[in-house]
Amino acid sequence: MKGHGVAYGAGTVINAIAAWKGCAFAIDLRTEAAVVLRGDLVEGEIEGGGDTRLIERACELTLEQLCIDSGARVRTTSTIPVASGLKSSSAAANATVLATARAAGRDIDPLEAVRIGVRAALDAGVTITGAYDDACASMLGGVVLTDNREQRLLKRERLETDVVVYVPDRQAFSAQTDVRRSRLVAPWVEMAFDLAVRGEYRRAMTLNGLLYCAALGFSPEPALAALELGITGVSLSGTGPSFVALASGEQADRLHDAWSAYPGRVMVVKTVNEGAFALE
């Protein structure tokens, strides 16, 4: 009665808070969950500490969905920085759902697993819209476009590129985002989403990033530094504070050096197209 699940972090093309439509892509930062079914209560543990409400609720909802009358022990480990805009909550929920289903010896449809994780995130108060776009990217891999209000996947396709990630030495929790100011830029975010629908992900994410920097009070300097290097796809990821840029080779190296001058850390990772998975 044991199971393991692995799900990925993601970067933002379009943040769904302003207009309920989102676009995100999976990146090779991951969260792993281990679940053991036992006892009557669901208890969680996060390596390094942290609030366990999300993973506990994801496990509880999965057991309810599968009609399994049991408690469980859930433990997660992760390489995704917390409260950074890199979808650590979506990855934790997805990995937990998959691990719980595997521990119960049951299969679960990926989009059903996403819906359970989204509900858990809403119940735990770690998201505003439910982050259906982020959860789909984390679960399915590739780049996804979604309607978060309807919890509907509109499109998914592969995306092959390196991603430069700048993680400032501060945190920004999604649930504390100024929704009112975010929705002031909704008409222009809709324009960015239209670009993403046409597959112009780089232009879409750059417009998205500049809009949300203005709305949420983040400096656009990291994005402008990327544009100066000729990189056309760069954005504030989620509600920040991290920035992500689609860049490879010499461009990625130059951006790594430029962003390393800022407080925090810089990583170069790859996009992921295979999606989340479960193990015994």
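User: Why is Lys270 called exposed?

Analyst: Lys270 has 52% relative accessibility. Exposed means over 50% relative accessible area, buried under 20% and partly exposed in between, with a 1.4 Å probe and protein chains only, so Lys270 counts as exposed. This is a predicted model, in which local features need pLDDT of at least 70, side-chain atom pairs count only at pLDDT 80 or more, and totals for chains, interfaces and linings use all residues. Residues are numbered from 1 along each chain as its sequence is written, and side-chain values use heavy atoms, with hydrogens and water left out.

User: What makes the contact of Asp162 and Lys270 a salt bridge?

Analyst: The N to O separation between their side chains is 2.8 Å. A salt bridge is a side-chain nitrogen of Lys or Arg within 4 Å of a carboxyl oxygen of Asp or Glu, so the pair qualifies. Asp162 lies in strand β7 (residues 162-167) and Lys270 in strand β10 (residues 265-270), 108 residues apart, and the pair links distant parts of the chain. Strands here are DSSP runs of E, at least two residues, and helices are runs of H or I, at least four, both numbered from the N terminus.

User: Is Asp162 buried or exposed?

Analyst: Its relative accessible area is 16%, so Asp162 is buried.

User: How do you know that Arg30 and Asp28 form a salt bridge?

Analyst: Their side chains meet at 4.0 Å, N to O, and the pair is therefore counted under the definition. Arg30 is partly exposed at 28%, and Asp28 is partly exposed at 38%.

User: Why are Asp123 and Arg119 separated by about one helical turn?

Analyst: Because they are four residues apart in helix α3 (residues 110-124). Salt bridges that share partners join Arg57, Glu60, Glu64, Arg119 and Asp123 into one network.

User: What classes of residue line the second largest pocket?

Analyst: The lining has eight nonpolar, no polar and three charged residues. Ala, Val, Leu, Ile, Met, Phe, Trp, Tyr, Cys and Pro count as nonpolar, Asp, Glu, Lys and Arg as charged, and the others, Gly among them, as polar. The charged residues of the lining therefore include Arg102, Arg106 and Asp107.

User: Which helix supplies the largest share of that lining?

Analyst: Helix α2 does, with three residues.

How values were computed
On a 1 Å grid over the protein atoms alone, a cavity is a set of points where a 1.4 Å probe fits but cannot get out, and a pocket is an open set with protein on both sides within 12 Å along at least five of seven lines; lining residues have an atom within 4 Å of a point.
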